[in-house]
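The sequence and structure are shown first.

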Amino acid sequence: EVRLQGFEVHYRCSRHWDTAYVHYSIDDGATWSRKPGEEAGGTMKEDKRTGKDSEMGPSPAGPNWKTFSLPPLSFTKVRVAQNISFVFHDGKGNWDSGPEGTYYRLEHHGRYALKDGRFSLISEGLSPVLVVTDLDGTYIGDEGAIAELNDCWERQCVYSRPHPSVFVYNTGRSWES
């Protein structure tokens with residue numbers, strides 16, 4: 001018997017899909033999950049180990065983020081059980097097939113953020129932080145630094161436990177200005 005550890009992926013969906021699904025394989029692409037509306041025994045090679053495509057839920061990272069997880073599974077006769085291959089779709093024929101039009105692939109179990117085609121392993125045990133910044137001349141003005149901070153924030157800080165980190169914009173201006 002081979003034991004598959006769990007995978008949790010937070011995906012930044014840049015395509016403005018109302019609904020997102022993950023289409024996955026846990027055996028190096030030999031079998032894939034069924035697409036919505038596809039019956040068991042359809043055109044794709046499949047078996048009992050792979051279920052239906054999973055509808056992705058909301059992520060704590062924000063409104064453009066979706067999440068899915070595959071809990072630890074136990075099954076027999078699986079050659080490769082420590083990786084997962086997957087793509088995303090909206091259930092209406094639109095796909096995010098990953099790098100070079102193939103599929104995304106993770107080699108090790110864990111929690112990941114996937115943004116702009118790049119994975120980040122989410123640090124476990126990250127303590128929540130509170131960041132308060134003034135907009136005038138501190139946070140606004142250096143576009144490269146802003147992009148780097150936003151990227152780091154979305155990939156790590158929002159996943160802190162037991163509570164997400166918080167980013168507060170502050171200003172010294174009066175309410176009337």
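## Buried charge and core packing

At 9% relative accessibility, Arg111 counts as buried. The model discussed here is predicted. Arg111 forms a salt bridge with Glu8, and the closest N and O atoms of the pair are 3.3 Å apart. Because Glu8 lies in strand E2 and Arg111 in strand E11, this pair ties together parts that are 103 residues apart in sequence.

**Overall architecture.** The chain has 177 residues, of which 38% are buried. Its secondary structure comes to two helices and 14 strands. Among contacts with a separation of 6 or more, 66% are between residues 24 or more positions apart.

**Salt bridges.** The structure holds six salt bridges.

| Glu8 | Arg111 | 3.3 Å |

Asp151 and Lys115 are both buried. Glu154 has a relative accessibility of 16%, so it counts as buried, and Lys115 is buried with a relative accessible area of 9%. A network of salt bridges links Arg12, Lys115, Arg118, Asp151 and Glu154.

**Nonpolar cores.** Which residues touch the most other members of the largest nonpolar core? In this core of 19 residues, they are Phe68, Ile84, Phe86 and Phe88. At least two residues of the core come from each of strand E2 (7-12), strand E3 (21-25), strand E6 (62-70), strand E8 (84-89), strand E10 (104-106) and strand E11 (110-115). Beyond residues up to four places away in sequence, Ile84 touches Phe7, Tyr24, Ser25, Phe68, Leu70, Tyr104, Arg105 and Leu106. A second, separate core contains eight residues, including Ala61, Ile122, Cys157 and Tyr159.

**Strand E9.** Asp96 and Trp95 are treated together here. Asp96 is placed in strand E9 (residues 95-96), and Trp95 is placed in strand E9. Are these residues buried or partly exposed? Asp96 counts as buried at 7% relative accessibility, whereas Trp95 is partly exposed, with a relative accessible area of 34%.

The side chain of Asp96 makes a polar contact of 2.6 Å with the side chain of Tyr11. Leaving aside neighbours within four places in sequence, Asp96 is in contact with Tyr11, Arg15, Trp17, Val87, Phe88 and Tyr104. With residues up to four places away again not counted, Trp95 touches Arg15, Trp17, His23, Lys35, Val87, Phe88 and His89. Trp95 and His23 are 72 residues apart in sequence, and their C-alpha atoms are 9.8 Å apart in space.

**Thr67 in strand E6.** Thr67 lies in strand E6 and is buried, with a relative accessible area of 16%. Its side chain reaches the backbone oxygen of Val9 at 3.0 Å. The side chain of Thr67 also makes a polar contact with the side chain of His10, at 3.4 Å. Not counting residues up to four places away in sequence, Thr67 touches Glu8, Val9, His10, Met56, Gly57, Pro58 and Ser59.

**Cysteines.** How many disulfides does the chain hold? The count comes to zero, by the rule applied here. Cys13 is buried, with a relative accessible area of 5%, and Cys152 counts as partly exposed at 42% relative accessibility.

Technical notes
Residues numbered from 1 in each chain as written. Predicted model: local features only at pLDDT ≥ 70, side-chain atom pairs only at ≥ 80, totals over all residues. Heavy atoms only, no water. Helix = DSSP H or I, 4+ residues; strand = E, 2+ residues; numbered from the N terminus. Buried < 20%, exposed > 50% of the residue type's maximum accessible area, 1.4 Å probe, protein only. Contact = heavy atoms within 4.5 Å. Core = buried A, V, L, I, M, F, W, Y, C linked by side-chain atoms within 4.5 Å. Disulfide = S-S within 2.5 Å. Salt bridge = Lys/Arg side-chain N within 4 Å of Asp/Glu carboxyl O. Polar contact = N/O pair within 3.5 Å; in protein donor to acceptor, adjacent residues only side chain to side chain.
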